[in-house]
Amino acid sequence: MYDKAVDAAGREVGGRRRPYACGMATNPAASTAVPRRRRREAETRLGLVRRARRINRILAETYPDAHCELDFGNPLELLVATILSAQCTDKRVNMVTPVLFAKYRTAADYAGADRAELEEIIKSTGFFRAKANSIIGMAQALCESHEGEVPGRLADLVKLPGVGRKTANVVLGNAFDVPGITVDTHFQRLTRRFGWTTETDPVKIEHEVGELIPKSEWTMLSHRLIWHGRRICHARRPACGACPLAALCPSYGTGPTDPEEARKLVRTGPFS
């Protein structure tokens with residue numbers, strides 16, 4: 001190694017620069033630079049399918065107990081709980097439903113409910129007036145068209161007041177064992193980060209993801225992505241350095257990649 005020569009005034013006048021120590025970045029700022037997102041070469045359709053299914057397998061190993069985190073005992077209870085879960089945590093809904101389910105046991109009970117009493121019970125879930133309208137309207141439709149029973153078909157469910165495809169798929173997958181994809185905010189965020197879709201419309205996302213994953217896995221895939229989104233792949237600062245999918249995720253580096261820093265971001269729940 002060589003030092004630069006200096007004149008009598010101490011100015012550098014030539015010589016060779018002292019090289020950086022072995023292993024050190026040539027740019028002093030490089031060691032503190034924020035990691036960039038991983039770049040991937042163009043992916044074939046077959047490659048995308050294989051990667052998506054491998055991600056699903058890893059999530060299955062990571063979350064073997066993944067399940068619907070809403071408490072329910074029958075299809076009607078799940079339908080009501082899912083309506084209440086809009087813009088509300090499952091944990092809050094589960095605090096409300098024991099009293100609700102004890103008071104209203106059938107669709108006819110909800111259909112004839114005193115609106116003020118119902119609203120008071122569900123008030124803490126937010127948007128309680130709109131939710132009360134949906135629950136009462138849904139129950140009246142069940143009594144009028146389905147003999148008070150929750151139907152087990154998507155086409156019938158989405159005709160009920162306050163019931164969209166997301167709610168219908170939750171009910172079908174968890175109360176009737178009919179495979180369905182639940183496209184909530186976590187599911188949307190993760191499927192885009194995984195590069196499975198670029199769509200923002202929930203129905204289009206549902207169809208695109210459904211073409212990547214076997215139908216028998218749709219319900220459990222939904223649970224796994226929701227669990228992963230709540231625990232590791234957060235909206236603002238995903239814990240990339242603690243993620244079991246790091247090697248397969250094109251969005252790796254969106255959040256901290258340092259393992260110690262990332263582990264501090266992992267949430268363990270409970271979420272229900």
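Student: Which residue caps the N-terminal end of H10?
Tutor: Keep in mind that this is a predicted model. Look for a side-chain oxygen and the backbone nitrogen of Val-203: they lie 3.2 Å apart. The residue bringing that oxygen is Asp-201.

Student: On which side or sides of H10 do its buried residues sit?
Tutor: The buried ones in H10, which runs over residues 202-210, are Ile-205, Glu-206, Val-209 and Gly-210. They cover an arc of only 125 degrees around the axis, so they're on the same side of H10.

Student: What do those buried residues pack against?
Tutor: You're looking for helices here. The buried residues of H10 pack against H8 (165-175), H9 (185-193) and H11 (218-231).

Student: Which helix gives the most to the lining of the largest pocket?
Tutor: That pocket holds about 890 Å³ of space. Its lining has 37 residues, with Cys-88, Asp-90, Asp-184, His-186 and Arg-230 closest to the centre. H2, H3, H8, H9 and H11 each supply at least two lining residues. With seven residues, the top contributor is H11.

Student: And which helices each supply at least two residues to the lining of the second largest pocket?
Tutor: This pocket has a volume of about 200 Å³, and 16 residues line it. Nearest its centre are Arg-165, Asn-169, Pro-179, Glu-206 and Trp-218; Glu-206 is also one of the buried residues of H10. The helices that each supply at least two are H8 and H10.

Technical notes: Residues numbered from 1 in each chain as written. Predicted model: local features only at pLDDT ≥ 70, side-chain atom pairs only at ≥ 80, totals over all residues. Heavy atoms only, no water. Buried < 20%, exposed > 50% of the residue type's maximum accessible area, 1.4 Å probe, protein only. Helix = DSSP H or I, 4+ residues; strand = E, 2+ residues; numbered from the N terminus. Arc of directions from axis to C-beta. Contact = heavy atoms within 4.5 Å. Polar contact = N/O pair within 3.5 Å; in protein donor to acceptor, adjacent residues only side chain to side chain. 1 Å grid on protein atoms, 1.4 Å probe; cavity = no way out; pocket = protein on both sides within 12 Å on 5 of 7 lines; lining within 4 Å. Points joined across faces, edges and corners; volume = space filled by probe spheres on them.
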